[in-house]
Amino acid sequence: MHNSHPRRVAVLSVHTSPLAQPGTGDAGGMNVYVLQSAIQMAQRGVEVEIFTRATSSSDVPVQQAAPGVLVRNVVAGPFEGLDKHDLPTQLCAFVAGVLREEARHEPGYYDLVHSHYWLSGQVGWLARDRWGVPLVHTAHTLAAVKNRSLAEGDTPEPAARQIGEQQVVSEADRLVANTSDEADHLVQLYGADPGRVDVVAPGADLTRYRPGDRAAARAKLGLDPHETVVTFVGRIQPLKAPDVLLRAAADLLARKPELPLRILVVGGPSGTGLARPDVLIDLAASLGISSRVTFLPPQAPEHLADVYRASDLVAVPSYSESFGLVAVEAQACGTPVLAANVGGLGVAVQGGTTGLLVDGHRIDDWSSALGSLVERPARLAEMARQAPLHAANFSWEHTADGLLESYRKATINYNNGNLPGTEFGQRRGRGRWKLRRSTGVRA
């Protein structure tokens with residue numbers, strides 16, 4: 001490695017492509033994280049190759065996402081109609097595609113593997129063993145955490161996922177957590193060695209997401225310049241809880257019908273929300289607020305910045321959130337955030353200064369918090385002034401710096417033989433394992 005940085009990193013993102021549009025399907029904050037951190041590392045001279053599963057016959061084998069960043073679309077299973085929960089059945093094919101690419105080069109082509117989400121961790125474990133390089137893993141979400149805070153009627157994460165996560169936590173040379181809370185969950189719920197966990201906060205593209213002309217942004221989106229706009233941005237599924245915002249708005253309007261309140265929902269159905277793609281439209285109608293709700297499809301980043309600027313407030317009512325990129329992006333644009341006090345949102349939002357954090361999901365609490373902001377324009381304006389200052393603490397440059405430091409530690413530990421213990425096998429020389437137990441994939 002040059003200057004303690006790897007020359008080339010293999011990044012694994014099995015279930016969703018970094019080039020996919022966030023806000024629909026399985027695409028969300030993780031896509032943004034993978035792509036933006038890769039771009040930043042490439043700017044520091046580290047070549048990044050991202051392996052993801054091809055989801056269309058039109059996907060070319062290799063795409064250049066940015067200078068120094070390649071996306072490799074690996075054919076593994078059917079292109080369409082494959083649910084995320086069915087993907088473990090295709091990991092063998094995906095592993096074969098990843099290993100086949102490395103085999104085209106001289107040994108030592110990749111210096112390190114960085115896997116994102118547990119499915120990628122299963123692949124990363126085997127690639128690490130075959131290539132003799134360290135494995136760094138970022139979970140992004142954890143089944144044990146999600147299952148402790150399910151939305152009503154939502155489907156729990158399967159036991160197989162939690163078992164798979166446990167295996168990856170045991171195998172990884174280094175774990176990267178988005179927040180100290182996530183690091184604590186890895187230690188307390190999965191038995192991770194705290195000495196192998198690094199906390200690296202995600203960021204926002206602060207060159208794109210910055211304050212701008214609200215009136216111009218509203219004109220582009222066709223929004224009334226005199227309304228108070230409260231916006232939800234994200235995948236429409238129970239986990240993200242957009243229904244909480246609609247119910248809170250309906251409750252507030254029932255008491256204060258004179259409020260010029262406009263709810264803007266930006267996103268598409270995802271996960272268990274695919275079963276009822278029109279659920280929010282139907283809910284707005286049943287609550288009698290259809291005339292107060294505007295729906296927009298997922299927006300590309302350059303248009304999403306206008307969505308944030310056009311908003312007086314952005315709501316993030318999720319039941320579980322490892323960090324909350326939407327909250328940081330909104331604040332970077334000068335828009336305060338009303339968020340659930342879960343996961344990393346307590347870090348992403350400076351409660352009382354750049355927005356409010358609500359404990360739980362009781363509609364009365366959300367309605368009260370919403371009213372305390374939209375009925376006090378001066379308070380909202382002060383939060384808007386403070387929001388970009390807080391968001392400035394989170395940038396993809398900082399994230400890349402943290403990841404490269406984690407890579408450095410992983411490489412030192414690996415080269416010194418300071419390796420994680422596990423019940424699933426024993427080392428055979430540098431970087432090799434003899435598997436005793438099936439993990440669902442075989443090299």
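**Figure 1. Y109 and its ring partner Y110 in the predicted model.**
Y109 counts as buried, at 17% relative accessibility. Buried means under 20% relative accessible area, exposed means over 50%, and partly exposed lies in between, with a 1.4 Å probe and protein chains only. Y110 is buried too, at 2% relative accessibility. This is a predicted model: local features need pLDDT of at least 70, side-chain atom pairs count only at pLDDT 80 or more, and totals for chains, interfaces and linings use all residues. Residues are numbered from 1 along each chain as its sequence is written, and side-chain values use heavy atoms, with hydrogens and water left out.

A search of the whole structure gives six aromatic pairs. Y109 and Y110 form one of them, an edge-to-face pair with 4.9 Å centre to centre and 80 degrees between the planes. Rings of Phe, Tyr and Trp (its six-membered ring) pair if their centres lie within 6.5 Å; planes under 30 degrees apart count as stacked, over 60 as edge-to-face and the rest as tilted. Ring pairs also bring F51 and W131 into a cluster with Y109 and Y110.

**Figure 2. The ring pair of Y209 and Y308.**
The ring centres of Y209 and Y308 are 5.8 Å apart and the planes stand at 65 degrees, so this pair is edge-to-face. The pair links distant parts of the chain, 99 residues apart. Y209 sits in the loop between β8 (197-199) and α7 (214-221). Y308 belongs to helix α10 (residues 301-310). Helices (H or I, at least four residues) and strands (E, at least two) are DSSP runs, numbered from the N terminus. Both Y209 and Y308 are buried.

**Figure 3. The two ends of helix α7.**
At the start of α7, a side-chain oxygen of D213 comes to within 3.0 Å of the backbone nitrogen of A215. Just after α7, G222 has a positive phi of about 70 degrees.

**Figure 4. Strand β1 and its partners β2 and β5.**
Strand β1 (residues 8-12) is mostly covered, with five of its five residues buried. R8, A10 and L12 lie on one side, V9 and V11 on the other. Five bridges join β1 to strand β2 (residues 47-53), and the two run parallel. Strands pair if DSSP finds at least two bridges between them. V11 has I50 as its bridge partner in β2. Four bridges join β1 to β5, again running parallel. There, V9 stands opposite L112.

**Figure 5. S115 in strand β5.**
S115 is found in β5 (residues 112-116). Is S115 buried or exposed? S115 is buried, with a relative accessible area of 0%. Its side chain makes a polar contact with the side chain of H137, at 2.7 Å. A polar contact is a pair of N or O atoms within 3.5 Å; within protein, one must be able to donate a hydrogen and the other to accept it, and residues adjacent in sequence count only if both atoms are side-chain atoms. Leaving aside neighbours within four places in sequence, S115 is in contact (heavy atoms within 4.5 Å) with residues including L12, S120, L135 and H137.

**Figure 6. The six-stranded open sheet.**
The strand order is β11-β10-β9-β12-β13-β14, with parallel pairing. β11 (293-296) and β14 (355-358) are the edge strands, each pairing on one side only. Neighbouring strands are turned by 20 degrees against each other on average, direction ignored. Axes are lines fitted to C-alpha atoms, for helices over the stretch in contact, and angles run from 0 to 180 degrees between N-to-C directions.

Three bridges join β9 (residues 228-233) to β12 (residues 313-316). F232 stands opposite A315 in β12. Helix α13 (residues 363-374) lies across β9, β10, β12, β13 and β14, at about 170 degrees to β14.

β10 is mostly covered: six of its six residues are buried. Six bridges join β9 to β10, and T228 has L261 as its bridge partner.

Beyond neighbours within four places in sequence, the contacts of L261 include V230, A249, R292 and L370.
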